[in-house]
Amino acid sequence: MKIAQVTPLYEAVPPRLYGGTERVVAHLTDALVELGHDVTLFASADAHTKARLVPVRDQAIRLDPAPFKSDLAAHMVMLAQVLDRAEEFDVIHFHTDMIQFPMFERWADRTLTTLHGRLDMKDIGGVYERWSQFGLVSISDDQRRPLPFANWRATVHHGMPGDLYKFSPQSDGYFAFLGRISPEKRPDRAIEIATKLGRRLKMAAKVDAADKVYWETRIKPMIEGNPLIEFIGEIGDHQKSAFLGGAEALLFPIDWPEPFGLVMIEAMACGTPVIAFRCGSTPEVIEDGATGFLVDTLEQAVAAAGRASTLDREAIRARFDLRFSATAMARRYVDVYADMAAKRPFAEAPLTDVVMPLRPIDEPRSFGMVG
């Protein structure tokens, strides 16, 4: 199939440092190419991809040193370029939330939009009621709860290449926190868990401008003078294998409806169990007692972290390979693409060889659960 992937422009594809959506787009795009599809990626010029790249900005927005820039203008220009070439593609797959809807009404049946963020915000429901003709993919079943009426086509859990992270058969005895310093990620809980157990905690996290007050007033005082806590700062993909693989467990003590949580499967790829609070997508990603532990309270988290070493790291990696590889993710999306093509008028159907899904996907369902 001829597929366009349209990514946000905030981070490179894949990101140099922190970044979830653009990382998933990178893995999906490369996997689709490896499956034999003709893929065009609309992204910033610093992208690294196996697909045909259409550079729509000189570099990703967040690390651009220019003091004044317009993210809206950058995305509008990109969407205009996609629109100019819309007839070339069998599927135009957007990862840009809802900004494309007014521009692509004519092409709605040829588009698919994966929603990567939280959906429980005021006003957002009106958009998906007004432009209900656009098919949507959720990244977890839980993500859908605020918008049960939306035009959901499928749930496709994230995936990543199996060789991106190295399996670590044993840990170096510390706990890990990886992500962003923010109230909803609850790094304070991670510090408390490690401190109560008298265990080391390494924190690899970025501090956004919006979270600097939280960092300065809440988290930094908990770290200073605590010999158990090591704050590393933001790290890139090339550092994650060693960081996550060396951990006895990843602490994922979130306090918000996390749509997916990519770091959980990054840890699993290294064989590292995850201690996750039962919130948002975590029950869909973590198999309690197999790939980690699901908890509801700080006391339960402390107890679970204390027995993380009892879990089989080889089995954790095997579950990652089965459920969360980039190839598995790409094949699930191809099912959705093929279903879209089958529902279009014959004259508009792609002339390429398409393998139709073996099962109907008219009803929303999760592709990520096995067993």
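## Basis

The model is predicted: local features need pLDDT of at least 70, side-chain atom pairs count only at pLDDT 80 or more, and totals for chains, interfaces and linings use all residues. Residues are numbered from 1 along each chain as its sequence is written, and side-chain values use heavy atoms, with hydrogens and water left out.

Helices (H or I, at least four residues) and strands (E, at least two) are DSSP runs, numbered from the N terminus. Two strands are paired if DSSP finds at least two bridges between them.

## The sheet

Six strands form an open sheet with parallel pairing, in the order β10-β9-β8-β11-β12-β13. Because β10 (229-231) and β13 (292-295) are at the edges with a single partner strand each, one side of each has no neighbour in the sheet. On average, neighbouring strands are turned by 20° against each other, direction ignored. Axes here are lines fitted to C-alpha atoms, for helices over the stretch in contact, and angles run from 0 to 180 degrees between N-to-C directions.

Strands β11 (residues 247-252) and β12 (residues 274-277) run parallel and are joined by 3 bridges. In this part of the sheet, F252 is opposite A276 in β12.

## Strand β9 and its crossovers

β8 and β9 run parallel, joined by 6 bridges, and R180 stands opposite K206 in β9. Together with helix α4 (residues 187-197), these strands make a right-handed β-α-β unit. A crossover is right-handed if, with the strands pointing away from the viewer, the path from the first strand over the helix to the second runs clockwise.

β9 also pairs with β10 in the parallel sense, over 3 bridges, with L201 opposite I229 in β10.

In β9, 6 of the 6 residues are buried, so the strand is largely enclosed by the rest of the structure. Buried means under 20% relative accessible area, exposed over 50%, and partly exposed in between (1.4 Å probe, protein chains only). L201, M203 and A205 lie on one side of β9, and K202, A204 and K206 on the other.

## Helices α6 and α7

The buried residues of helix α6 (residues 237-245) are D237, K240, S241, F243, L244 and G245. These residues pack against α1 (21-34), β8, β9 (201-206), β11, α7 and α10 (313-323), where contact means heavy atoms within 4.5 Å.

Helix α7 (residues 262-269) lies across β8 (174-180), β11 and β12. Its direction is at about 170° to β11.
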